[in-house]
Amino acid sequence: MIFWKRSLPVLITFVLGVTFALQYYVPHPASEALLSEISVWNQIIAGFAAILGVTSLLHVHYVKIRRREAGRGYSAVLYLSMVIILVAGFWSGGESERTAFGWLYLYGLVALSSTMCSILAFFVAAAAYRALRARSLEATVLLVAAVFVMFGRVPLGEYLVSGVGQVSDWIMSVPNTAARRGIIIGISLGGIATSIKIIFGIERAYLGGGE
């Protein structure tokens, strides 16, 4: 039982991980064909993973409704929304032009997404207000840079302070780009380290925890 639950998944992960890593360094038609075949299987597995995710989501909200927990009304809205979207999708044949499904997507999902983004804008503004307090040298530099960028992005800033737009462009193209590239490099190195740990069985969180 331990072999099927622990050893076999680790073995499969190791073989596939090493195969995928070596594939990028083997310029051979067989290697490219293998990648194409694995990509098809990856799409199939992703489809089953999506089904599993939806099933898990429905189970979690079903338990919340059955136990009458706080927020169960939102769970009921989730169930109702999924049923309406599914019925509209099947009835429209998957078409989005001038159909009920397209109308729900445009005036439902897109509108809700816009609302969420507007709420996040207020959240970001509040977080920026708390972060841009000049309590240290680094916070002061961040505050000054933010002021220059904000002034340079609006016509009023250029009208009040000549040349602030050029300073804003320089901040966005030089220091900001350098910081963003550093963050991307750090994320890439972290992803490589995590991938190596998973391939060699050091990280086994995907097995459900434990050793």
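Select Ser-31, which lies in helix H2, a run of residues 29-66. The model on screen is predicted.

Is Ser-31 buried or exposed? Its relative accessible area is 10%, and because buried means under 20%, Ser-31 is buried. Next, show Gln-23 and Val-26: Ser-31 touches both, leaving aside residues up to four places away in sequence.

Two packed helices are described by the angle between their axes and the distance between the axes.

Select the residues where the two helices meet. On the H7 side these are Trp-170, Ile-171, Met-172 and Ser-173; on the H8 side they are Pro-175, Asn-176 and Thr-177. Colour them by type: this contact of H7 with H8 has four nonpolar residues, three polar and no charged.

Finally, zoom out to the whole protein. Its secondary structure comes to eight helices and zero strands. The radius of gyration is 25 Å, well over the 17 Å that the globule rule gives for 211 residues, so the protein is more spread out than a compact globule. Its C-alpha trace spans about 70 × 50 × 40 Å along the principal axes.

Buried residues, such as Ser-31, make up 12% of the 211 residues.

Note on methods: Residues are numbered from 1 along each chain as its sequence is written. This is a predicted model: local features need pLDDT of at least 70, side-chain atom pairs count only at pLDDT 80 or more; totals for chains, interfaces and linings use all residues. Side-chain values use heavy atoms; hydrogens and water are left out. Helices (H or I, at least four residues) and strands (E, at least two) are DSSP runs, numbered from the N terminus. Buried means under 20% relative accessible area, exposed over 50%, partly exposed in between (1.4 Å probe, protein chains only). Contact means heavy atoms within 4.5 Å. Ala, Val, Leu, Ile, Met, Phe, Trp, Tyr, Cys and Pro count as nonpolar, Asp, Glu, Lys and Arg as charged, and the others, Gly among them, as polar. The radius of gyration is taken over C-alpha atoms; the globule rule is 2.2 Å times the number of residues to the power 0.38.
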